[in-house]
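I opened this notebook to keep track of what I looked up, entry by entry. Each entry takes up one place in the structure.

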2 protein chains.
Amino acid sequence: MAVFSFLSPFFLAVICVLIIIILQSMKKTDGKKEKGEKTSKAESRPWVDEDLKDSTELLAEDEEKDEWQDSDEENLTHVPFSPRRYSEQEMLKRSKEFYELLNQRRSVRFISDKAIPREVIDNIIRAAGTSPSGAHTEPWTFVVVEDPEVKHKIREIIEEEEEINYRKRMGDKWVNDLKKLKTNWVKEYLDTAPYLILIFKQVYGIRSNNRKKTHYYNEISVSIACGILLAAIQNAGLVTVTTTPLNCGPRLRLLLERPVNEKLLMLLPVGYASKDATVPDLQRKPLEDVMVVV
Amino acid sequence: MAVFSFLSPFFLAVICVLIIIILQSMKKTDGKKEKGEKTSKAESRPWVDEDLKDSTELLAEDEEKDEWQDSDEENLTHVPFSPRRYSEQEMLKRSKEFYELLNQRRSVRFISDKAIPREVIDNIIRAAGTSPSGAHTEPWTFVVVEDPEVKHKIREIIEEEEEINYRKRMGDKWVNDLKKLKTNWVKEYLDTAPYLILIFKQVYGIRSNNRKKTHYYNEISVSIACGILLAAIQNAGLVTVTTTPLNCGPRLRLLLERPVNEKLLMLLPVGYASKDATVPDLQRKPLEDVMVVV
């Protein structure tokens with residue numbers, strides 16, 4: 001047959017080679033896909049809220065910083081600074097008393113509805129606002145909720161998302177463990193605490209020329225401010241519990257009408273401990289387990 | 001010619017189609033590569049140390065947490081908790097005085113070599129260790145360096161990396177700006193400060209059965225502890241500057257012989273302010289710019 005003319009076998013061979021190339025390139029693409037999926041699965045951090053992710057990576061307009069120093073700082077006047085000093089004896093006493101004060105702090109989930117002067121909350125937030133921040137950007141917004149209706153809406157959002165979290169993650173164990181878990185997922189303190197402080201990190205700022213301003217280390221900066229906030233709450237004789245409402249950030253942001261550059265980092269209910277408050281009988285690590293001297 | 005036998009044009013057409021398929025699939029792969037490069041460039045955060053990245057994502061062995069509560073806590077005894085309360089008048093006074101104390105804090109880059117009792121440093125770190133942490137994992141190690149030789153080695157590593165950072169990022173501007181920049185890149189306080197506190201976050205823990213233990217929110221937890229550390233330093237009448245030595249984490253970790261699950265988060269030189277200390281004439285945002293009441 002003419003099909004088997006002397007060059008046709010050659011064409012057949014070429015076709016075979018081309019088909020093999022195509023098949024191999026398809027295999028490679030598949031492999032990449034599979035690997036990609038694996039990576040994204042391995043990299044997922046289920047306890048990290050999507051809305052919480054630091055999006056400053058999109059705005060790398062400035063250079064690296066290690067001292068959190070703003071480039072504008074170079075043009076600022078530098079002024080002499082003589083902070084107050086204490087005698088060695090006083091330093092020892094003050095440092096010991098501060099430790100003892102903070103060591104009495106516990107995360108409390110039972111908060112009384114007894115009212116607290118707003119000025120105390122103002123002072124506590126003023127203290128948190130003295131925190132250092134990358135390039136002195138002060139990338140924080142403290143939303144203080146005292147309106148009972150808004151507090152209740154916040155509770156509804158958080159409990160709804162929590163229920164989904166629990167149901168989704170517990171699977172078959174859900175039905176059996178329902179009763180036990182309910183204590184975790186129902187958050188009465190969101191109604192009873194006289195104040196809820198929602199701490200938003202500003203993942204970028206807005207310059208006067210309407211351009212985005214990179215907020216270096218914004219999550220670390222706002223977390224440091226939260227540390228100072230916790231110390232200030234304890235110093236005032238009030239209690240709180242450190243919470244990071246999972247997956248609630250976007251809904252709470254919309255409820256509180258915060259702009260898109262703000263992401264919820266933490267929620268602290270603040271008040272007096274209720275009379276029947278309990279805490280788990282936990283111990284802290286001793287100094288030798290957390291400190292190494294070189 | 002036999003080449004043009006009636007089926008050869010068919011084979012030729014098939015070969016053409018196959019070649020087009022191969023070319024298109026190559027084009028696609030290139031496109032993906034290009035896009036991938038773009039993405040990774042856009043996502044790069046030059047001020048985030050590679051060694052600092054949170055690698056807990058590899059260990060998602062437990063469920064989500066929002067209250068930082070350990071699953072073990074459910075099995076713990078719960079004990080009554082009655083923290084100390086103050087009168088409203090006292091609360092107002094205490095909260096105001098704490099704010100005023102912290103508002104005097106400034107980041108100071110000029111630190112005296114005057115000695116400080118080690119016990120003060122111990123108390124400061126004890127205070128930081130009272131910080132709350134995700135699932136009460138206490139994922140921090142505070143390395144206190146007082147040995148002058150080790151301090152100097154730390155300085156060498158940081159200044160070396162800093163020089164690379166500056167040279168790499170400044171490009172042509174480098175030569176002209178050298179003098180001005182030198183003040184940023186030479187860090188005398190690393191030698192003069194009586195103590196350097198290097199704060200490591202433990203990105204995972206080790207269980208008794210030698211398995212890895214997930215440290216939820218370890219970076220946020222350690223940053224909160226750093227906030228409390230800063231408050232404790234200020235309370236003792238000492239100064240520091242919050243630094244995150246860029247790209248130095250791995251070398252400093254090796255120098256200080258810390259295990260692989262510990263990543264450097266921050267370095268705080270601690271001491272008295274030197275007599276000729278200056279600070280940039282910065283202002284803090286007023287309360288109404290950081291607080292929103294609902």
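Entry on B:Glu262. I looked up the side chain of B:Glu262 in this predicted model, and I found that it makes a polar contact with the side chain of B:Arg258, at 2.7 Å. B:Glu262 belongs to strand β6 of chain B, which covers residues 262-270. Once its neighbours within four places in sequence are set aside, the residues in contact with B:Glu262 are B:Thr141, B:Phe200, B:Lys201, B:Gln202 and B:Arg253.

Entry on B:Ser131. I next turned to the loop between α3 and β2 of chain B, where B:Ser131 is found. With a relative accessible area of 3%, B:Ser131 is buried too. A polar atom of its side chain lies 3.4 Å from the backbone nitrogen of B:Ala225. When I listed what B:Ser131 touches, leaving out residues up to four places away in sequence, I wrote down A:Arg105 from chain A, together with B:Trp140, B:Ser221, B:Ile224, B:Ala225 and B:Ile228 from chain B.

I looked at helix α3 of chain B, residues 118-128, and found it mostly covered, with eight of its eleven residues buried. Among the buried residues of α3(B) I noted B:Val120, B:Ile121, B:Asp122 and B:Asn123. Helix α7 of chain B runs over residues 218-235, and for its 18 residues I noted a reach of 26 Å from the first C-alpha to the last, close to the 26 Å expected at 1.5 Å a residue. I also checked how many of the residues of α7(B) are buried, and the count is 18 of 18. After α7(B) comes B:Gly237, and I recorded that its phi is positive, near 80°.

Entry on the second largest pocket. I looked up its volume, which is about 700 Å³. Its lining has 25 residues, and those nearest the centre are A:Arg94, A:Asn235, B:Phe98, B:Leu101 and B:Asn235. At least two lining residues each come from α2 of chain A and from α2 and α7 of chain B, with α2(B) giving the largest share, six residues. By class, I recorded ten nonpolar, six polar and nine charged residues in this lining.

Entry on chain A as a whole. I noted nine helices and eight strands in chain A. Of its 294 residues, 53% count as buried. For contacts in chain A with a separation of 6 or more, I wrote down that 83% are between residues 24 or more positions apart.

Methods
Residues numbered from 1 in each chain as written. Chains lettered and ligands numbered in written order. Predicted model: local features only at pLDDT ≥ 70, side-chain atom pairs only at ≥ 80, totals over all residues. Heavy atoms only, no water. Helix = DSSP H or I, 4+ residues; strand = E, 2+ residues; numbered from the N terminus. Polar contact = N/O pair within 3.5 Å; in protein donor to acceptor, adjacent residues only side chain to side chain. Contact = heavy atoms within 4.5 Å. Buried < 20%, exposed > 50% of the residue type's maximum accessible area, 1.4 Å probe, protein only. Expected span 1.5 Å × (residues − 1). 1 Å grid on protein atoms, 1.4 Å probe; cavity = no way out; pocket = protein on both sides within 12 Å on 5 of 7 lines; lining within 4 Å. Points joined across faces, edges and corners; volume = space filled by probe spheres on them. Nonpolar A, V, L, I, M, F, W, Y, C, P; charged D, E, K, R; others polar.
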